[in-house]
There are 2 protein chains.
Amino acid sequence: MSDRSLLVLPGDGIGPEVMAEVMRIIDWYGDKRDLAFDVSEDLVGGAAYDAHGTPLTDATMERAQNVDAVLLGAVGGPKYDALDFSVKPERGLLRLRKEMDLFANLRPAQCFDALADFSSLKREVVAGLDIMIVRELTSGVYFGEPRGIFEEGNERVGVNTQRYTESEIARVARAAFELARRRANRVCSMEKANVMESGVLWRDVVQEVHDAEYGDVQLSHMYADAGAMQLTRWPKQFDVIVTDNLFGDLLSDLAAMLTGSLGMLPSASLGAPMANGRPKALYEPVHGSAPDIAGQGKANPCACILSFAMALRYSFDEGEEADRLERAVEQVLAQGVRTADLLNVEGASPATTREMGDAVIKALEASL
Amino acid sequence: MSDRSLLVLPGDGIGPEVMAEVMRIIDWYGDKRDLAFDVSEDLVGGAAYDAHGTPLTDATMERAQNVDAVLLGAVGGPKYDALDFSVKPERGLLRLRKEMDLFANLRPAQCFDALADFSSLKREVVAGLDIMIVRELTSGVYFGEPRGIFEEGNERVGVNTQRYTESEIARVARAAFELARRRANRVCSMEKANVMESGVLWRDVVQEVHDAEYGDVQLSHMYADAGAMQLTRWPKQFDVIVTDNLFGDLLSDLAAMLTGSLGMLPSASLGAPMANGRPKALYEPVHGSAPDIAGQGKANPCACILSFAMALRYSFDEGEEADRLERAVEQVLAQGVRTADLLNVEGASPATTREMGDAVIKALEASL
Ligand SMILES: [Mg+2]
Ligand SMILES: [Mg+2]
């Protein structure tokens with residue numbers, strides 16, 4: 001019995017096959033690095049719907065609340081398109097985020113040298129890129145009330161409410177400052193304080209939290225539209241970016257696309273610390289369930305593997321082991337072992353999902 | 001007396017010197033193309049504040065309401081930083097937009113071949129790019145009520161309201177469809193209908209206007225975050241993009257940065273048709289007043305010149321003459337005549353603002 005618990009939710013589409021490679025890596029850490037994990041596995045998304053008529057059972061939700069970290073593969077697929085909104089596969093993921101109150105969405109945008117040519121940007125602009133966008137995930141205009149489509153006079157009016165409390169801003173700001181301390185110690189906060197009062201409060205609270213608790217971290221502020229421009233012009237100027245739910249939605253996707261390899265990108269969603277000091281946490285690749293290639297052994301397991309590396313770093317404080325795993329992935333790519341989505345050499349034959357997993361484990365072995 | 005009236009507001013910083021070149025080009029059209037304009041000139045921004053204690057007098061506002069098109073240089077500068085918010089130079093521009101009810105902001109993102117290397121994106125991704133973003137400019141979350149910072153319980157809460165009426169959406173959709181008909185006949189509408197009711201209404205109304213009035217235009221819909229990704233990945237897939245005030249704020253700046261030459265980009269803000277059928281209209285470069293180089297003859301007049309080209313096209317229905325002017329600018333750049341901001345050859349000596357104007361007029365002459 002380890003004191004590190006993981007709930008693994010492979011989900012739908014390519015989820016199970018990429019997660020299978022992660023499971024082997026988890027085992028490797030137990031065998032070779034004395035890092036044992038208590039791993040349980042369960043259903044989410046369409047797989048849970050097929051078995052139980054709901055994309056997330058109460059029992060699974062309960063288990064998720066009681067582990068150190070949840071590792072999710074992917075949810076969704078055309079098979080479930082006709083389902084009622086309330087039981088769609090994505091609702092399983094949304095329930096996890098909501099009930100675990102995962103307010104800080106960490107979206108790293110990293111571009112390994114070996115993959116820089118996949119970007120639409122010039123090599124020198126993106127090679128070696130390593131930035132982290134922290135998106136507030138549980139409040140803002142996607143959640144605020146009032147909301148809806150109303151009749152007014154003779155026409156319809158669509159309404160949503162952007163609403164942030166001081167404490168909602170402060171807690172995600174703290175998450176960003178904590179992250180910065182583990183990285184290059186710089187945070188850039190983005191809003192539209194020039195035209196939105198919620199942006200004025202955002203800026204003020206981030207600055208107050210900084211001045212009171214994180215004076216050692218370098219803090220700057222930028223309007224979100226200028227942020228979109230600067231991310232496009234020279235993304236390496238940033239270390240950690242913290243921003244609200246809506247701006248973070250756009251900017252994290254923009255940053256992901258800068259790298260050119262969406263199949264490589266992990267994410268973490270973190271909440272408040274639990275009794276043991278570890279944060280509530282869910283790790284998942286940014287990519288979707290890719291039903292078109294599911295079950296064929298073609299999927300790239302790297303984003304899911306790198307999501308586990310984030311778990312090592314942020315849930316279990318094993319930064320050096322996370323570095324080891326990230327380096328292993330980087331080496332494998334540099335050696336030219338690539339799944340089909342990363343192939344750029346005419347006539348080269350792609351590695352299978354399993355072969356990528358093998359190569360990563362081999363690189364881990366070589367690191368000892 | 002011509003039946004084409006222009007109000008020229010050079011404004012602050014580099015505004016007067018770039019506008020001086022535009023004035024020469026306006027004269028050229030009167031002399032050589034039989035396109036005479038009734039031109040009046042007035043003050044806006046800091047220049048108006050210095051003379052009258054307000055960034056826009058009622059008399060100037062009145063004149064703006066009664067011309068076919070307003071041509072604006074730039075406003076603002078450090079000299080006015082300490083002024084009260086209500087009389088800051090930018091308020092002059094905002095008053096024009098508001099009282100003229102300029103709801104459709106046209107932001108072209110064009111990348112002339114000769115300047116493609118200035119982009120952070122690969123040449124093939126941006127060379128020849130020619131897309132148009134139509135941003136709703138008078139409503140949405142930057143204007144909706146309630147708004148403010150309130151005390152609630154023991155903490156502050158920042159609130160803004162995203163609010164769109166059916167008619168606000170319909171009129172900007174029409175503007176986009178009309179534009180598309182003069183271009184490649186394709187419109188992509190962007191919102192977040194997956195998480196915002198105002199986005200659901202946006203999508204529905206754009207589709208309804210299309211089906212009822214613009215069935216000949218090809219219409220697609222995209223989530224705004226996917227839009228940010230696709231603009232970064234392969235911007236040439238788009239023709240006209242129509243989106244709301246906030247998404248348009250970010251996406252138009254992102255699209256501008258794709259081109260890499262902000263000093264080249266014009267804009268138009270259009271309102272409802274006046275009695276003579278022409279729309280209320282304000283044309284201005286995207287760049288600012290650049291106080292650091294003002295008065296030195298270094299400024300690039302191209303964005304202001306291209307703003308006048310937009311006036312030819314959208315206010316005066318002189319598309320061929322607009323093409324002529326845009327081609328003239330393109331030729332000048334291809335010849336290597338460049339202001340300092342566009343120089344990329346070591347040791348080359350930059351053209352002055354006046355020399356750029358001369359070169360454009362020479363190219364216009366050669367086009368006859
Ligand atoms: Mg997104
Ligand atoms: Mg903007």
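**Reading the interfaces**

Modeller: Let us begin with charged pairs. The count between chain B and chain A is 10 salt bridges, a salt bridge being a side-chain nitrogen of Lys or Arg within 4 Å of a carboxyl oxygen of Asp or Glu. This is a predicted model, in which local features need pLDDT of at least 70 and side-chain atom pairs count only at pLDDT 80 or more, while totals for chains, interfaces and linings use all residues. Residues are numbered from 1 along each chain as its sequence is written, chains are lettered from A and ligands numbered from 1 in the order in which they are written, and side-chain values use heavy atoms, with hydrogens and water left out.

Colleague: Which residue meets B:Glu166 in a salt bridge?

Modeller: The partner is A:Arg156, at 3.0 Å from N to O.

Colleague: How is the size of an interface expressed?

Modeller: It is often given as the accessible area lost when the parts come together. Chain B and chain A bury about 4,700 Å² between them, with 59% of it on carbon and sulfur atoms; buried area is the accessible area (1.4 Å probe) that two parts lose on being put together, summed over both. B:Arg156, B:Met229 and B:Leu250 supply 15% of the area that chain B buries against chain A, more than any other three residues.

Colleague: How many residues of each chain are in contact?

Modeller: Contact means heavy atoms within 4.5 Å. By that rule, 52 residues of chain B are in contact with 52 residues of chain A.

Colleague: In which sense do strand S7 of chain A and S7(B) pair?

Modeller: Strands are DSSP runs (E, at least two residues), numbered from the N terminus, and two strands pair if DSSP finds at least two bridges between them. Strand S7 (residues 155-165) of chain A and S7(B) pair in the antiparallel sense over 9 bridges. In S7(B), B:Asn160 is the bridge partner of A:Gln162.

Colleague: Which domains does the assignment give for chain A?

Modeller: Domain bounds come from an automatic or database domain assignment. For chain A, this gives domain 1 (1-106 + 265-368) and domain 2 (120-259). Their centres, taken over C-alpha atoms, are separated by 25 Å. The two domains of chain A bury about 1,200 Å² between them, 64% of it on carbon and sulfur atoms. A:Phe103, A:Asn105 and A:Tyr314 supply 47% of the area that domain 1 buries against domain 2, more than any other three residues.

Colleague: How many salt bridges does the rule find between these domains?

Modeller: Across that interface of chain A, the rule finds 2 salt bridges.

Technical notes: Helices (H or I, at least four residues) and strands (E, at least two) are DSSP runs, numbered from the N terminus.
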